[in-house]
Amino acid sequence: MKILIPSVLQVVLLFNFALIYGQAQFENQAESLGAGIAYGNIQLGAGVSFFDYNNDGLDDITIPASNSRNFTFLKNMGGTFQEENLGIDSNGFQSRQAMWVDFDNDGDNDFFATSDQDWSRLYQNNGDGTFTDITLAAGLPTVIYDTYGAAWGDFNNDRHLDVFYSIRDENQIIPNILYQNNGDGTFTNVTIAAGLETTGYLSFCASFFDMDKDGDQDLYVANDKYDSPNLMYRNNGDGTFTNVSASSGTGIEIDAMSTTIGDYNNDGWLDIYVTNTEFTPPPPGVNGNVLFRNNADGTFTNVAASTGTIFNSVGWGAVFLDGDNEGFTDLYVSGEFEVDPVYLPSAYYENQGDHTFVIPTGIGFENDTRQSYGNAIGDIDNDGYPDIVVMNNNDQNIFLWKNTSIQNHNWLKVKLEGTQGNRMGIGSFIEVGTTHGTQLQFTVCGEGYLGQNSAYEFFGLNDATNVDFVRVTWPSGIVDYFEDLNVNQHITIIEGTGILSSDSASFAVFSMYPNPASELVFLNFPSEAERQLVVLDVTGKVVISEEIFGNTHQMDLSVISGGVYIVEVRFNGNVHRKKLIKH
């Protein structure tokens, strides 16, 4: 199949098309959608997660704990949000980042939260709606570090997600820490063995990403202040890293707050956006935010000034997104200033299709003037147009910027399910090709300023009426390739199986409780539909087979003996599985 690369004429035509048919539009609907929640007031702020934590196909919102409020879990009810209690307690200590990660590859999302006042905690999902704090049992630190961010990635490609702690030690003594996931529910500190720095830095956050497209995950760390340069670690592919901060050109000394990863110019290489202050540092200092263009040779060039994304204020969270699905990656930046005649409080940078950005007027952000920190993107109502959640400070409610753009552009959303690598597919390249060229996304867990985006990767397709191909290159080296797909759908790709499921996959998703169980088990579904339920024993033999009607179901376990089983719900060729233990 021929892959078409856009010519200069095509780019101009696309640009004109976007101008004719409108810009992105957003409206803060936090209160009306049930998300009118305030985090609290804390110096240097906190992040936010816009991630489907219960696997029902809808992006939920998770807000870290402050000293005045416990963790807040806002369940997406199909376009509105409702606060729910998951039994996860902050013990009265503030948290900087809250995120979801399937560290044990069992298909449900576990909870991890960092803290600069208490130790960071890992809660294992029990699969029945409850969680257990396994921090101590897992061998993770139970001492108090000034931990701000965490990044999860499989640095040694053993299919188990590892975790990097970003520690902002004012005395610059305590180093950042890398914990290797042993695959048995425990972790080991491999900071020294992996070749990472053992001196302290003022680290806010970090991201694992593949800067050189060699199949392993490198690591970039954002460090605050001028005597604490940013760190770029190149993965050597043998479980160790080499510090290439200087040779890559990314070891800048600034007030670095964020690590936002994306391909802003659609050249197939991952770039980095780093927020900063406007104020002039000592020579050879950098003013304003930094956009590192990947030069595809192991080096990066700061193009913030030439692209128009320098911000020149006090920036914090940043996220790449295509707000109107025109096929060009835009950029949203949160800032610390509320109302100031000189400094921007925030900025939405619209990509002009020629590697430059402008801040448009009249797209809804006129009142985006609160002191803001972390942000993230998700999809409130699964309409394929990315929405933005923003963490505000000073006891102000969060912003929930609903994307209200005129929906005249097509789109595709892609989610991954690993089988040979980690279950979440973290560290994978996703390429989508249309008549307008090829776009690239990379799956990251921990990005921006202490943020977590949707598990779906968003692709704006402009006026393309067909997806020529989707190619996924997994960390395992497996490549999955699909041709001739419909536009305007959510798809899930299962590694190495040739299986691609579409929107109807969400109808197979279910919650189940209690688990373990003795006599009865109850299943809940996000919507009503006719489904097939089967229960298999450890040999794969079907021991229960039932039809399900509606959105609730009761299953009698008296017909089977005690043991471990797999519960499968099937709908239109899609299958969702959970482990069941019967006493």
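How many aromatic pairs does the count come to?

## Basis and count

The count comes to 35 aromatic pairs, where rings of Phe, Tyr and Trp (its six-membered ring) pair if their centres lie within 6.5 Å, and planes under 30 degrees apart count as stacked, over 60 as edge-to-face and the rest as tilted. This is a predicted model, in which local features need pLDDT of at least 70 and side-chain atom pairs count only at pLDDT 80 or more, while totals for chains, interfaces and linings use all residues. Residues are numbered from 1 along each chain as its sequence is written, and side-chain values use heavy atoms, with hydrogens and water left out.

## Two edge-to-face pairs

F73 and F111 form an edge-to-face pair because their ring centres are 5.5 Å apart and their planes stand at 75°. F73 belongs to strand 4 (residues 72-76) and F111 to strand 7 (residues 110-113), 38 residues apart; strands here are DSSP runs (E, at least two residues), numbered from the N terminus. F73 is buried at 2% relative accessibility and F111 is buried at 0%, buried meaning under 20% relative accessible area (1.4 Å probe, protein chains only).

F112 and W152 also pair edge-to-face, at 5.4 Å centre to centre and 85° between the planes. Since F112 lies in strand 7 and W152 in strand 10 (residues 147-153), this pair ties together parts 40 residues apart in sequence. F112 has a relative accessible area of 0% and is buried, and W152 is buried at 0% relative accessibility.

## An aromatic cluster

One aromatic cluster is formed by Y53, F71, F73, W100, F111, Y123 and F131.

Key. Helices (H or I, at least four residues) and strands (E, at least two) are DSSP runs, numbered from the N terminus. Buried means under 20% relative accessible area, exposed over 50%, partly exposed in between (1.4 Å probe, protein chains only).
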